[in-house]
Amino acid sequence: MAQERIPSTMMTQHPDSSTYVSVQEEPKEAIFSLTSPPEGLGLEEAMVDFEGKLTPYQQTSQIVLGLINKGIAVGEDVFVTPRVPSGIEEGVFRQLMALMSVVESNYQAEKRTGRYAIKEVILPMARSADEIISVRERIIDVINLANKEFGLSKDPESIRLIPLIETIPQILQVGEILESYLEGCREMGLTTTKVRYMLGLSDLALTYGMVAAALANKVAISDGYELSRKTGVAIYPIMGGGALPFRGNFSPQNIDNIIKDFAGVRTLTIQSALRYDHGYEATTEVAGRLAGALPKAEPLRFGADEREVLANMIGVFVKNYLSSFYDLMEVAAKISDIIPGQRDRLARKSDVGYARDLPHPDELAKLLSDKDLAKEIRGIKREKGPELPRAISFTASLYSIGLPPEILGTGRGLKEIEERYGKEALKWLLANYHGLKDSLTFALRFVHLKNASEFLPVSVIAGAEEDITLIREYLGIVQREKAKEDRLYETILETMKPMLKQLIGLGKDTIVSDEGLELSLVKEWILRLAKMRGSLG
C-alpha cells in the first residue's frame, strides 16, 4: 500500500486579515485555495473551522462536493480537515455536530467516488492524553453510528485525530502526552502507525510571549521525533501561525527563517492575512517553497542538556513577558472587543463562546531545573483578571495603540539570559533562533510609545523602553529614520487615539454607543493600519 501523502500547506479560516469573509463565502474560498494554479492557490489542505466559529454544519460537505465536482481527488491529492470544537470549552454537543458533518461528507463522497474524503479531524486545546483518548473514543462511537445508519466503514482508523496543543506547560510535555495517547490507543485495540500533531504559536504567544512560544515549539518538534525513534510510530508535526511576528511571522519575507527555525514541521498553516493582505501571487510562491522544503528538512533534535537549557530560557522570557502582560491585559481586552471581526466567530462573552485561559506560570515552573527561576515565576502568578481575548484581536489591539507585543519582555529576557547563563548561552540562543532579528526589526517599525503611553500604565511603558534599548543592543538593530509609510501609520494612530480612548472609557466623556460614528471611524482606521502592516493581528 502506497504511503499516504502529507500535505505541506494548510489553508485556514483565521480572521487575521483586513478582508472580511462571511461563512457563505468560505466554501468557495476553500475550493479556490485547493485548486492548482493558475485557477487557484495550489494549497494542499483546508481546515474547516468549527472552533469558536459560526460555521454551518453543511460547510464541510459543500467544500468536499465542490472539489469533487471539479475533478479534484479529495483525500488523495488534497485534504479537508475540520477542526472540531473543544468538548470541554464549547460542549460535547457542538463537537458531535462537527463530527457528524464529517460523516455526511464521507457518505456523499463515497457515493460519488467510492472513497472517503475526510480522514482526520483536529482537536483544539488538547491538554492531556486522557482528554485526547476520550475524544478518540467519541469518534469511534460516531464511526459505529455511521456504520449502523448509513453502511459506512466500521474501521476505527477511518477517521483519525490530530491533537492541537496550545499551552507551554503541555507543549513541553508533548512527548509524554503523545506516548500516553499511543498507549491508550493500543489498549483500545487500535493499530496506530502515524500521528499528526499540531502546535500553535498564537495562543502560546498571547499567554507566554513570542520568544517563549517559538522556543517551546522547537522543543516539541524535537520531542516528537524522539518519540518516533522510541516507538517506531511516524510523526508529522503541523504548525499554526500567522503573518505578524507575534503570531509566527509566516510571511513571504520570513519563510526561509521559518523553514530553518522549525525544521521537522511537515505542514504549515496559510492563514487569511497571507492570502489576502500579502496577495495570491505571494501565497502561491510560499506554497511552492514549502512543498519543496518541508518534506526533506532534517528535524530539530536537542540532547537532554540542550533541552534543559531551552526550558530554562523559556522560563526567563515568560517571566519578563508576564511582568508587562498582567499590567496591560485589561486595556488590551477592552480594545480587543472593538477590533473588527473578519470571520463569523462566536462572541467571546456568550453562553456558547469562551475566553482564553489565563497563563499558568506555576505549571511551567515545575518543569524547570533552575529552581531560583522557578520560584520567581511562581511569584508572578495572578488568580484573577479580565477574560482574555483571542490572540488575533489581542495582537491587533496593541498594534493599534503603538506597542507591538513582540517586544514585551524580549529585551529584558535577552539580558537575563546573559546574566543567568552567560554569554555563550546567549550566543547559542541567537544562533538557533534564525528569525528573531527580522521579527523584531519588523515590530520596531510600528512602535509609537508616546501614543501607547496614553493607554497603558507607566510600568508597561518603562518596561517597553528598556526592551527596545536592549533589543537594539543585543541584536544590532540600528534605529533609522522612519519611512514615509511608517510616518503615515503614526499619523493614523494619533488621529484615532482620542476616539479610541473614549470608546474604551479612558476619555473625558462617557463610552460611545456601538452605533456611534466614532466607532465606525475607529474600525475603519484599524483596518487601514492592518493593511499597511500586512495583517490585522
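**Sheet, helix crossing and salt bridges in a predicted model**

Modeller: Eight strands, the 8 of an open sheet, follow the order 3-2-1-8-7-6-5-4 with parallel pairing. This is a predicted model, in which local features need pLDDT of at least 70, side-chain atom pairs count only at pLDDT 80 or more, and totals for chains, interfaces and linings use all residues. Residues are numbered from 1 along each chain as its sequence is written, and side-chain values use heavy atoms, with hydrogens and water left out.

Biologist: What makes strand 3 and strand 4 the edges of the sheet?

Modeller: Strands are DSSP runs of E with at least two residues, helices are runs of H or I with at least four, and both are numbered from the N terminus. Two strands pair if DSSP finds at least two bridges between them. Strand 3 (79–80) and strand 4 each have a single partner strand, so one side of each lacks a neighbour in the sheet.

Biologist: How do you know that strand 2 and strand 3 are paired?

Modeller: They are joined in the parallel sense over 2 bridges, and the definition requires at least two. E45 stands opposite F79 in strand 3.

Biologist: Why is I238 called buried?

Modeller: Buried means under 20% relative accessible area, exposed over 50%, and partly exposed in between, with a 1.4 Å probe and protein chains only. I238 has 0% relative accessibility and therefore counts as buried. I238 belongs to strand 7 (residues 234–240). Leaving aside residues up to four places away in sequence, I238 touches M10, I162, R196, Y197, M198, L199, V265 and T267, where contact means heavy atoms within 4.5 Å.

Biologist: Why is the crossing of helix 4 and helix 6 called right-handed?

Modeller: A crossing is right-handed if the near helix is turned clockwise from the far one by less than a right angle, and left-handed if anticlockwise. The crossing of helix 4 and helix 6 is right-handed. The axes of helix 4 (residues 129–150) and helix 6 (residues 174–187) come within 8 Å and cross at roughly 35°. Axes are lines fitted to C-alpha atoms, for helices over the stretch in contact, with angles from 0 to 180 degrees between N-to-C directions.

Biologist: Which residues make the contact between helix 4 and helix 6?

Modeller: Helix 4 contributes A129, I132, I133 and R136, and helix 6 contributes I177, S180, Y181, G184 and C185. Helix 6 also lies across strand 5 (160–165) and strand 6, running at about 145° to strand 6.

Biologist: Why is K53 said to tie together separate parts with E26?

Modeller: K53 forms a salt bridge with E26, the closest N and O atoms being 3.1 Å apart. K53 lies in the loop between strand 2 (45–46) and helix 2 (59–69) and E26 in helix 1 (residues 26–34), so the pair joins parts 27 residues apart in sequence. Both K53 and E26 are buried. E26, E29, K53, R275 and R343 are linked in a network of salt bridges.

Note on methods: A salt bridge is a side-chain nitrogen of Lys or Arg within 4 Å of a carboxyl oxygen of Asp or Glu.
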